Amino acid sequence: MGSFDTALRVLDLLGIAVFAASGALVASRKQMDIVGFVLIGVITGFGGGTVRDLLLGRTPIFWLKSPELPAIAAATAILVFFFAHRVESRFKALLWADAVGLALYAVLGAEIALIAGANPWAAVLLGAVTATAGGIIRDVVCNELPLILRKEIYITAAMAAAAAYVVLRLAPLPRDIALTAGIALGFGLRGVALWRGWSLPPFRPKPARDYPDER
């Protein structure tokens, strides 16, 4: 394994931990027990990749072949259970780490989809699914409005990262360049949104039109 792949592997493991921590923080707001923390943490960490693998027909699902992955997610969730107050005090740092995980999983998800034979447009969608579906499932289970339905630039950044990777690979450019560019774009877009407070414009209803009575 080259140094680039080693760096991706380290980021992958850190991303799992960060996503699991974000899920565990939701569990802390809901005042769940330690089992709930682990369940929500694991769902958040692996929900997106699981949905992707099921849609692609890839079995066994990736984390079933690597027991260290759910162990990392579960251990992170348990740590948050005991130290949630300290994690919450560093929530901004967690958001930035989450931005890295978002971009990374969007690109890796798109790569896996392309390797599995998906069309380019489907690979972009599955990249976004990989990066965001875990959070969607977490929010639905915890009865919260999913993050992607809020004004925040989140799934937009994931789709931009996946699209950049797919376009550059089809150009064709080397894998390392396409991966780096996709991750940089996704992280940059999400990071600027966090830094500047950017969001997509919401729908603003207008007063209903009064129609004349033609009777």
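This is a predicted model: local features need pLDDT of at least 70, side-chain atom pairs count only at pLDDT 80 or more; totals for chains, interfaces and linings use all residues.

**How the helices pack**

Guide: Let's start with one pair.

Now the geometry. Two packed helices are described by the angle between their axes and the distance between the axes. For α6, which covers residues 155-170, and α7, the angle is about 160° and the axes are 8 Å apart. Because of that angle, α6 is roughly antiparallel to α7. The crossing of these two helices is right-handed.

What links them? The loop between α6 and α7 holds P172, and the peptide bond joining A171 and P172 is cis, with omega about 0°. That's worth a look on your screen, since most residues other than glycine have a negative phi, and most peptide bonds are trans.

Before the other pairs, a quick step back. The protein chain has seven helices and zero strands, so along the sequence the pattern simply reads α-α-α-α-α-α-α. Its C-alpha trace spans about 75 × 50 × 35 Å along the principal axes.

Next, go to α1 and its partners. With α2, the axes come within 7 Å and cross at roughly 135°; α1 and α2 are therefore oblique to each other. α1 passes α2 in a right-handed crossing. From α1, the residues I16, F19, A20, S22, G23, A24, A27 and S28 take part, and they meet G36, F37, I40, G41, T44, G45 and F46 of α2. In the loop between α1 and α2 you'll find Q31, which has a positive phi of about 55° although it is not a glycine.

α1 also packs on α3, at an angle of about 50° and with the axes 8 Å apart. That angle is why α1 counts as oblique to α3. The crossing of α1 past α3 is right-handed. On the α1 side, R9, L13, I16, A17, A20, A21, A24, L25 and S28 make the contact, and on the α3 side it is E68, L69, I72, A73, T76, A77, V80, A84, V87 and E88. These residues divide into 14 nonpolar, two polar and three charged. If you compare the lists, I16 of α1 turns up in the contact with α2 and in the contact with α3.

Between α2 and α3 there's another loop to check, and P60 lies in it. The peptide bond from T59 to P60 is cis, with omega near -5°.

With the packing in view, turn to the open space. Rolling a probe the size of a water molecule over the atoms shows where empty space is left. The largest pocket has a volume of about 570 Å³. It is lined by 24 residues, and R9, D12, F62, L108 and I112 are the closest to its centre. The elements that give two or more residues to this lining are α1 (3-29), α2 (34-56), α3 (68-88) and α4 (91-115). α1 gives the most, with six residues. By class, the lining has 10 nonpolar, five polar and nine charged residues. R9, one of the residues closest to the centre, is also among the α1 residues in the contact with α3.

The second largest pocket holds about 410 Å³ of space. It has 24 lining residues, with S22, F91, L95, R138 and L147 nearest its centre. Here α1, α4, α5 (120-141) and α7 (175-196) each supply at least two residues of the lining, and the largest share, six residues, comes from α5. The classes are 12 nonpolar, four polar and eight charged. S22, one of the residues nearest the centre of this pocket, is also among the α1 residues that meet α2.

Key: Residues are numbered from 1 along each chain as its sequence is written. Side-chain values use heavy atoms; hydrogens and water are left out. On a 1 Å grid over the protein atoms alone, a cavity is a set of points where a 1.4 Å probe fits but cannot get out, and a pocket is an open set with protein on both sides within 12 Å along at least five of seven lines; lining residues have an atom within 4 Å of a point. Grid points are joined across faces, edges and corners, and a volume is the space filled by probe spheres set on the points. Helices (H or I, at least four residues) and strands (E, at least two) are DSSP runs, numbered from the N terminus. Ala, Val, Leu, Ile, Met, Phe, Trp, Tyr, Cys and Pro count as nonpolar, Asp, Glu, Lys and Arg as charged, and the others, Gly among them, as polar. Axes are lines fitted to C-alpha atoms, for helices over the stretch in contact, and angles run from 0 to 180 degrees between N-to-C directions. Angles under 35 degrees count as roughly parallel, over 145 as roughly antiparallel, 65 to 115 as roughly perpendicular and the rest as oblique. A crossing is left-handed if the near helix is turned anticlockwise from the far one by less than a right angle, and right-handed if clockwise. Contact means heavy atoms within 4.5 Å.
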